[in-house]
Amino acid sequence: MTSERPKRIDATDIYHTTRAVRHCSLDPSIRCLAELRTSQINGGCDNCENLRVSEAEALGIDADKLRELARWADSDRFTARERAALAWCESFTHFRPVDASTRMMAINTFSPRELADLTLAIELTSTMSRVARHMDSDVRFG
């Protein structure tokens, strides 16, 4: 019997593959808020959340806004575009049908390309959270 470590998926490789979405048509702060909210909802990956908080801080997103992110719908700190992105994010992340008002808000707020990029950012973040939960506890992204 050999003492070779079993082969496994390298989460860092997956993370680097998904980084292309950072150069999308969407405002980086809106993308970052949506990714952070997705990470909060999915839970189970502290590294995912910490990575996105660091990115948000580097983008200059206000610390009070980050603290209120989980309660964005009741806060006056978020712009109309941020609210539309976060509503879209929650509809995808909670796996529930998009209600007509959320869909119309997203369509009226974002260009088709921005909405596609937002959707991809949300789904890639959810995928990374699932990957992290299935990996060893020492998984790091970035």
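Contact here means heavy atoms within 4.5 Å. By that criterion, residues 24 or more positions apart account for 68% of the chain's contacts with a separation of 6 or more. The model is predicted: local features need pLDDT of at least 70, side-chain atom pairs count only at pLDDT 80 or more, and totals for chains, interfaces and linings use all residues. Residues are numbered from 1 along each chain as its sequence is written, and side-chain values use heavy atoms, without hydrogens and water.

The chain has 7 helices and 0 strands (DSSP runs numbered from the N terminus; helices are H or I of at least four residues, strands E of at least two). Of its 142 residues, 43% are buried, that is, under 20% relative accessible area with a 1.4 Å probe, protein chains only.

Helix α2 (residues 28-42) packs against helix α5 (residues 80-93) at about 35 degrees. Their axes lie 9 Å apart; axes are lines fitted to C-alpha atoms over the stretch in contact, and angles run from 0 to 180 degrees between N-to-C directions. From α2, the contact includes I30, L33 and R37. The contact residues comprise 7 nonpolar, 3 polar and 4 charged (nonpolar: Ala, Val, Leu, Ile, Met, Phe, Trp, Tyr, Cys and Pro; charged: Asp, Glu, Lys and Arg; polar: the others, Gly among them).

K65 sits in helix α4 (residues 63-67). K65 counts as buried because its relative accessibility is 12%. Leaving aside residues up to four places away in sequence, K65 touches L33, R77, F78 and E82.

Terms used
Buried < 20%, exposed > 50% of the residue type's maximum accessible area, 1.4 Å probe, protein only.
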